Amino acid sequence: RVGRARRFDYGGAGRPVLFIPSLINPPYVLDLAEDNSMLRWLAQRDTRPLLLDWGDPREGQADLSVAGHVEQLLVPLIAALDAKPLLAGYCLGGTMAIAAAALADVAGVITIAAPWRFDGFPESARADLSKLWQIHQTPATALGLFPMEFLQSAFWQLDPERTFTKFADFGERAPGSAEAAAFVTLEDWANDGPPLTVSAARELLEDMFGANLPGHGGWEVAGRRIDPATLACPLLNIVSTRDRIVPTASAPAAGESILLDQGHVGMVTGRRAASGLWSLLAQWIACQPD
């Protein structure tokens, strides 16, 4: 534990791989259920998966920015490991993993559906997020936190038709079926999560989505400008071609990229996850030198 952040060990033999989730949703999407867990699956395949849980900002360090989370929580957790790890960041966690790799001694970085060039998002989505910040900045500042419910409305607007369609499809499933239970589990995750700190929300919505600082080479962490092209370790970007949340055009331009024809969440938890993303991860991890 470092501050409110915790690191969980899933066992397994092999190189440690620290999985870094987004700040926006809980980390357990990577370990959704006993029979649908990327981390448990990898632990059986010569990998030692570790999972970062950012914790609840109401427990302390409520003023941390996105960069502050990297500098004050993530980098110390990496330094406390007994072996040089690979980092694997999902969604915004991938953005943060790149920054951590510029500051810490790591063996490599994998980004999974992670944004870096925020001008790759549609202008309408960026404008909506800017408006979201303008609307909620005052109440969030008064609370000292930016509740998940504020962001959830923005996610619904990314694809309103699909939001309605998926619940209509759910209504057609047999009550008590395994499919219905799996849908509820995933929806519980998607609508769960601690609030963001106000500083992290401002940085995400203004500096990243608004000003595209990472894409322009202007994002600073611990006083250092972060450039994926200058990392001293291998960088693999796993990019979804059917991502409604993080568009293909927003992925990092540096490093090696593999395109995956699965959605943002489906690549992690869907029926083809084991034969797709999970297998890609296992193969790439196994090929990295000791």
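Buried means under 20% relative accessible area. Cys-233, at 13% relative accessibility, therefore counts as buried in this predicted model.

## Cysteines

Cys-91 is also buried, with a relative accessible area of 13%. A disulfide is a covalent bond between the sulfur atoms of two cysteines. How many disulfides does a search of the whole structure find? The search finds zero. For Cys-233, the closest cysteine sulfur is in Cys-287, 16 Å away, which is too far for a bond. The cut-off for a disulfide is 2.5 Å between the sulfur atoms.

## Salt bridges

The model has 11 salt bridges by the rule applied here.

| Asp-9 | Arg-48 | 2.8 Å |

The side chains of Asp-9 and Arg-48 meet in a salt bridge. This pair links distant parts of the chain, with Asp-9 in strand 1 (residues 6-9) and Arg-48 in strand 3 (residues 47-53), 39 residues apart. Asp-9 is partly exposed, at a relative accessible area of 45%, whereas Arg-48 is buried, at 18%. Both residues belong to a network of salt bridges that links Asp-9, Arg-48 and Asp-82.

Glu-206 is partly exposed, with a relative accessible area of 35%. Arg-202 is partly exposed as well, with a value of 29%.

## Helix 7

Helix 7 covers residues 178-190 and has 13 residues. The expected span is 1.5 Å times one less than the number of residues, so helix 7 should span 18 Å. Its end C-alpha atoms are 18 Å apart, which agrees with that value. The buried residues in helix 7 include Ala-180, Phe-183, Glu-187, Trp-189 and Ala-190.

## Nonpolar core

In soluble globular proteins, nonpolar side chains tend to be buried together. In this model the largest nonpolar core has 91 residues. The residues with the most contacts inside this core are Phe-19, Phe-146, Leu-277 and Leu-281.

Which residues are in contact with Phe-146, leaving aside its neighbours within four places in sequence? Among them are Leu-132, Trp-133, His-136, Ala-140 and Leu-151.

## Aromatic pairs

A pair of aromatic rings is described by the distance of the centres and the angle of the planes. The count comes to eight aromatic pairs. In one of these, the ring centres of Phe-118 and Phe-121 are 5.9 Å apart and the planes meet at 15°. Planes under 30 degrees apart count as stacked, so Phe-118 and Phe-121 are a stacked pair. Both Phe-118 and Phe-121 are buried.

Phe-146 and Phe-150 have ring centres 5.2 Å apart and planes at 85°. An angle over 60 degrees counts as edge-to-face, and the pair is therefore edge-to-face. Phe-146 and Phe-150 are both buried. Ring pairs also link Phe-118, Phe-121 and Phe-209 into a cluster.

Terms used: Residues are numbered from 1 along each chain as its sequence is written. This is a predicted model: local features need pLDDT of at least 70, side-chain atom pairs count only at pLDDT 80 or more; totals for chains, interfaces and linings use all residues. Side-chain values use heavy atoms; hydrogens and water are left out. A salt bridge is a side-chain nitrogen of Lys or Arg within 4 Å of a carboxyl oxygen of Asp or Glu. Helices (H or I, at least four residues) and strands (E, at least two) are DSSP runs, numbered from the N terminus. Buried means under 20% relative accessible area, exposed over 50%, partly exposed in between (1.4 Å probe, protein chains only). A nonpolar core is a set of buried Ala, Val, Leu, Ile, Met, Phe, Trp, Tyr and Cys residues joined through side-chain atoms within 4.5 Å. Contact means heavy atoms within 4.5 Å. Rings of Phe, Tyr and Trp (its six-membered ring) pair if their centres lie within 6.5 Å; planes under 30 degrees apart count as stacked, over 60 as edge-to-face and the rest as tilted.
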